[in-house]
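Dear colleague,

I am passing on the structure below, followed by some notes on what was found in it. Please read the notes with the model open beside them.

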Amino acid sequence: MKRAPIVAAGTVVGVVLVLTFHTSPAALTLPTGSGSTATSGQKAAGPGSTSSTGSGRTTGGKSGSGKSGSGKSAASQQTAGQRTATGPVVNYNYGLISVRVTVSGKKITKVSIASLNDGSNPRSQFIDEQSIPQLEQQALQAQSASIQGVSGASYTSAGFAQSLQAALRSLGV
Amino acid sequence: MTPPPVSRLETVMGTVITIDVYPRQEAAGQQVELTRQRIDTACAILHRADEVFSTWLPDSPVSRLRRGEIALTDAPAEVADVVAACAAVRELSSGWFDPWAMPGGFDPTGYVKGWAAERAVAALAPAAGVAGAMVNAAGDIASRGALPAGRPFRIGIADPAAPRQLAAIIELSGSIATSGCYERGQHLIDPQSGSPAARVASASVTGPDLGLADALATALAVAGPDGLSFVEAVAGYAGLVIGFDGATRSSPGFPFAR
């Protein structure tokens, strides 16, 4: 089953909550150009990239890889050098999470989990395993945000967003 | 291009509350400073509500009230306001929202989070140079105004079967609250049986005031689709329920985005 990525965020500086949207086709108004640029950016943009390895553990095989081919057209976004920051370890409902983000100029090119400790609680692990790959994947596209918040959103995404926001702030984004 | 909001994430009331204030134009200098001060005020409102109403803090006025150590008249004035509001919602919801039926005694939590967020957002907007503001209390959202140029806020409703996906998108005017048993575990109590129970996977209510929307959403989740009638009977409010089978039912006025 195909799932269209959606982007749920305030702005880069704002809360980057990230979800996928699968049920209501009417709302699938993704600006396709901007949606694909971020995903491809991490690979195409060479200059000065630092810790841009290791994100692929779960996101690589999904819709992101399908999109990255088309992303070449967005090369204009990749002129600036890449910078990486790791957000603080944030206490969320199921444990501790820290998010690492890479930006090119003001654009997010990569998001990954720097650390995660959910106490090995099976329920927490289940939720995190389900959510985090998508959070990573979708945060890449946060700048094309078409919604400003989520009702019924979760603790995991709140912790993720908090660490990510702090990381972005430290980069001046 | 929408100018970026001035944002804050505040850990309070046992969760993370996000605050976004959208300036009419790219905010700079003094206006950002003014907005930050208003956000400070909003956060102080949230912390104050936590200190007064927490059922987890043993020495909070509401905890002492629950134990019978103080009378309502001894508690801060806003406690009486909340108690009166809870009684009103119990009436409106035909008893499906009932803080007096909670295990451990009177527990206004189902109303207070929304009530506090509603008070907090009022400290942010309307204000000069501000297009709109939002306070998102772990998925229950109070707002004022809109995006710059009058475009409405668009809010996703999490899919209860897959909480990282959206079941719907709405255009928000006022507030939305969503109750359900996903992710947070069974926290809904059926006032009739006193046991954990929800008849739908998720229930959302939109309307002008988040305190009322929050309490109505709690009631709707327990009552199930039949509860849409008591939600619609309150002027300005509308509901959406998502069943355990994924089937949805909504009020005619529910503000789905086009």
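The buried residues of α4(B) pack against α1 (29-53), α3 (77-92), β3 (130-137), β4 (140-145), β7 (175-180) and α5 (210-223) of chain B, where a residue is buried if 20 or more other C-beta atoms lie within 10 Å of its own, with C-beta atoms placed from the backbone. Helices (H or I, at least four residues) and strands (E, at least two) are DSSP runs, numbered from the N terminus. This is a predicted model, in which local features need pLDDT of at least 70 and side-chain atom pairs count only at pLDDT 80 or more, while totals for chains, interfaces and linings use all residues. Residues are numbered from 1 along each chain as its sequence is written, and chains are lettered from A and ligands numbered from 1 in the order in which they are written.

Helix α4 of chain B covers residues 109-122, and its 14 residues reach 20 Å from the first C-alpha to the last, close to the 20 Å expected at 1.5 Å a residue (the expected span is 1.5 Å times one less than the number of residues). The helix is mostly covered, with 11 of its 14 residues buried, among them Tyr111(B), Trp115(B) and Glu118(B).

The axes of α1(B) and α4(B) come within 8 Å and cross at roughly 155 degrees, the axes being lines fitted to C-alpha atoms over the stretch in contact and the angles running from 0 to 180 degrees between N-to-C directions. The two helices α1(B) and α4(B) are therefore roughly antiparallel, a term used for angles over 145 degrees. The contact is made by Ala42(B), Ile45(B), Leu46(B), Ala49(B) and Phe53(B) of α1(B), and by Val112(B), Ala116(B), Arg119(B) and Ala120(B) of α4(B); two residues are in contact if their C-beta atoms, placed from the backbone, lie within 7 Å.

As for the chains, chain B has 6 helices and 10 strands, and 49% of its 258 residues count as buried. Chain A has 5 helices and 9 strands, and of its 173 residues 53% count as buried.

On confidence, the mean pLDDT of chain B (the predictor's confidence in each residue, from 0 to 100) is 89, and 93% of its residues reach 70 or more. Over residues 182-186 of chain B, however, the pLDDT is below 50, and this stretch has 10 contacts in the model beyond near neighbours in sequence. For the complex, the predictor gives an ipTM of 0.89 and a pTM of 0.70.

With best wishes

Notes. Buried ≥ 20, exposed ≤ 12 C-beta atoms within 10 Å, placed from the backbone. Parallel < 35°, antiparallel > 145°, perpendicular 65-115°, else oblique.
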